[in-house]
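Here is a short tour to read with the structure open beside you.

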Amino acid sequence: MSKKIADATIPTIPLAAQFQRWFGRNLIRVYMVLAFTYLFIPVAYTFAFSFNDSGKSNLIWKGFTLDNWKNPCGAPEVCNALANSIKIGLLATIFSTILGTMIAFAIGRHKFKGRSTSNLLIFLPMATPEIVLGASLLSLFLVFKINPGFWPTVIAHVMFCISFVVVTVKARIASLDPRLEQAAMDLYANEFQTFRRVTLPLVAPGIAGAALLAFSLSFDDFIITNFNSGTVITFPKFVYTAAARGIPAQANVIGSGMFFLALAIVIAGQFINRRKAR
Amino acid sequence: MGKIRTPYLLLLPGFGFLFVFFILPILNLAQTSTQTPVGGGDTGQYEQTFRFQNYIDAFVENKEQFGRSFVYALIATLLALAISYPLAYAIAFKSGKYKNFFLVLVVAPFFTSFLLRTVAWKQILGEEGFVVPTLRSVGIISESTTLTSTAFAVVMGMTYNFLPFMTLPLFASIDRIDPRTLEASGDLYANGFTTFRKVTLPLSMPGVVAGTLLTFIPAAGDYVNAAILGSPNTKMIGNVIESRYFKIVDYPTAAALSFTLMAAILILVTVYIRKAGTEELV
């Protein structure tokens, strides 16, 4: 409608139509900017408030300081919680990556009776809400008179991480070119040599990705942890209990630190991949 | 001989673990759900009486929270789909050599702790945040309206927190679409909308199914968003199960509720997968 009028009356395109045209062409860019703004608002907020000179309750902006970054353990509870989360995360990652990778090789590389049942058993924990996983495991521990705490939490994390490891590693195995292994066999490598020198190095990036995923799932888990950790405080648990009265700014420092660390790992990983591809 | 045994040996440790710490707990949960308090016993002491009435009592007492969980989760899933689809499409088709960079950007926010992000939303949407005063001065919301402790905040928090579970599978399946199929559709005089409806959308269905499931399942069982961003009026079934366990020590009701939630989700998922016609999810 407005375009018709514009064409008929004035030879130069009016500003509104110009904007409309620009908008039409760049709609997808505008959308991406908006979407990423939405995604990054809480991250930016967390980062900004890590510089807040706020004392104990980090609710209102009180002034800029670097103290929180210089001394992230200034609120000791935060560092204890972080240490627990890292310990639990590393143990859960090691066990779930080993168990999950073995399952992935069995399902991805072998034909056997019960393969679809195996797939179902891997899918079920992912389709079960976390609260059910957490609550059911706690009732099992209670039956056997095991007190919730550090090891029950590790066990719980291994349990829910296995499926994600299997899915990630299996996808990598499925994308392998079977001719590479055949070539190794043709060159008189035995089964073990083929696995060690050809298959494993090719699957390794998938295993590394799965381990990173397992660690971040474990590190960030709250619901299952809350049910099985008893008096052990993990980082998410600390944030949850502190949320009501305001979290110390040091928690924001650690959250932002994790963000930059993970970003660095991902970018480094991409860089290595690209160099390998060349 | 060894060859036949290999897969089973590989499966044994992992499946043994899952049997003890996933299957057994679920069975135990089923058992707990029909127990009743020991007459004259302490709080938290229960005996097996196979009282299936527990299920009906638990459901009737908490049907409101059940309904809310499914409605909130459904709205959050649809919102996440609406936000993620154009984003995944743009990254797959319009970002050229920056594809990986944008993918990292989608995941990056989720490296900051889930809890910290939710608390950040609470403060951003709170009275001291910048959103509420801005909206008030423009006159979009009235002086008395608040954004936190509302259903809006809970649903928004869930949409935000589960967004990558939607975007990544969507991207994976849209990225696999051969752009030539879209060109072919255009050559056959389909306009943009028809191409989307008849070519892009059907080809991206596996991503839509996987994404909606990966968002809906955790959202329906979530209680963190409702606890941090909501009020007693926005309690979801997760909040009820949590308080039954820890505050009231009513294990049978908590177990019955957990089991009902799991069964409801499994039935929904099965029906949905059947309807969508994609069996290969794992």
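This is a predicted model: local features need pLDDT of at least 70, side-chain atom pairs count only at pLDDT 80 or more; totals for chains, interfaces and linings use all residues.

## A right-handed helix pair in chain B

Let's start with two helices of chain B: α3(B) and α11(B) cross in a right-handed way.

## Chain B as a whole

Zooming out, chain B contains 14 helices and two strands. Its C-alpha atoms fill a box of roughly 80 × 75 × 30 Å along the principal axes. Of its 282 residues, 43% count as buried.

How confident is the predictor here? The mean pLDDT of chain B is 87, and 96% of its residues reach 70 or more. For the complex, the predictor gives an ipTM of 0.84 and a pTM of 0.86.

## Where the two chains meet

Across the interface, 63 residues of chain B are in contact with 64 residues of chain A. On the chain B side, at least two residues each come from several helices, including α1 (2–32), α3 (63–94), α11 (205–221) and α14 (251–276). The largest share, 18 residues, belongs to α1(B). This side of chain B is made up of 49 nonpolar, eleven polar and three charged residues.

## The largest nonpolar core

The largest nonpolar core has 141 residues, and the members that touch the most others are I103(A), A135(A), M159(A), V239(A) and A88(B). Helix α4 (residues 76–109) of chain A gives the most to this core, with 13 residues.

## Two loop residues with positive phi

Two non-glycine residues have a backbone worth a look. Y188(A) has a positive phi of about 65° and sits in the loop between α8 (178–186) and α9 (191–220) of chain A. F50(B) has a positive phi of about 50°, and lies in the loop between β2 (46–48) and α2 (53–61) of chain B.

Are these residues buried or exposed? Y188(A) counts as exposed because it has 7 C-beta neighbours inside 10 Å. F50(B) is exposed too, because 11 other C-beta atoms lie within 10 Å.

A171(A) is part of helix α7 (residues 150–174) of chain A. It counts as partly exposed because it has 16 C-beta neighbours inside 10 Å. A171(A) and G108(A) are 63 residues apart in sequence, with 8.4 Å between their C-alpha atoms.

V249(B) is found in the loop between α13 and α14 of chain B. With 13 C-beta neighbours inside 10 Å, V249(B) also counts as partly exposed. From V249(B) to V38(B), 211 residues apart along the chain, the C-alpha separation is 13 Å.

Technical notes: Residues are numbered from 1 along each chain as its sequence is written. Chains are lettered from A and ligands numbered from 1 in the order in which they are written. A nonpolar core is a set of buried Ala, Val, Leu, Ile, Met, Phe, Trp, Tyr and Cys residues joined through C-beta atoms within 7 Å. A residue is buried if 20 or more other C-beta atoms lie within 10 Å of its own, exposed if 12 or fewer, and partly exposed in between; C-beta atoms are placed from the backbone. Helices (H or I, at least four residues) and strands (E, at least two) are DSSP runs, numbered from the N terminus. Two residues are in contact if their C-beta atoms, placed from the backbone, lie within 7 Å. Ala, Val, Leu, Ile, Met, Phe, Trp, Tyr, Cys and Pro count as nonpolar, Asp, Glu, Lys and Arg as charged, and the others, Gly among them, as polar. pLDDT is the predictor's confidence in each residue, from 0 to 100. A crossing is left-handed if the near helix is turned anticlockwise from the far one by less than a right angle, and right-handed if clockwise.
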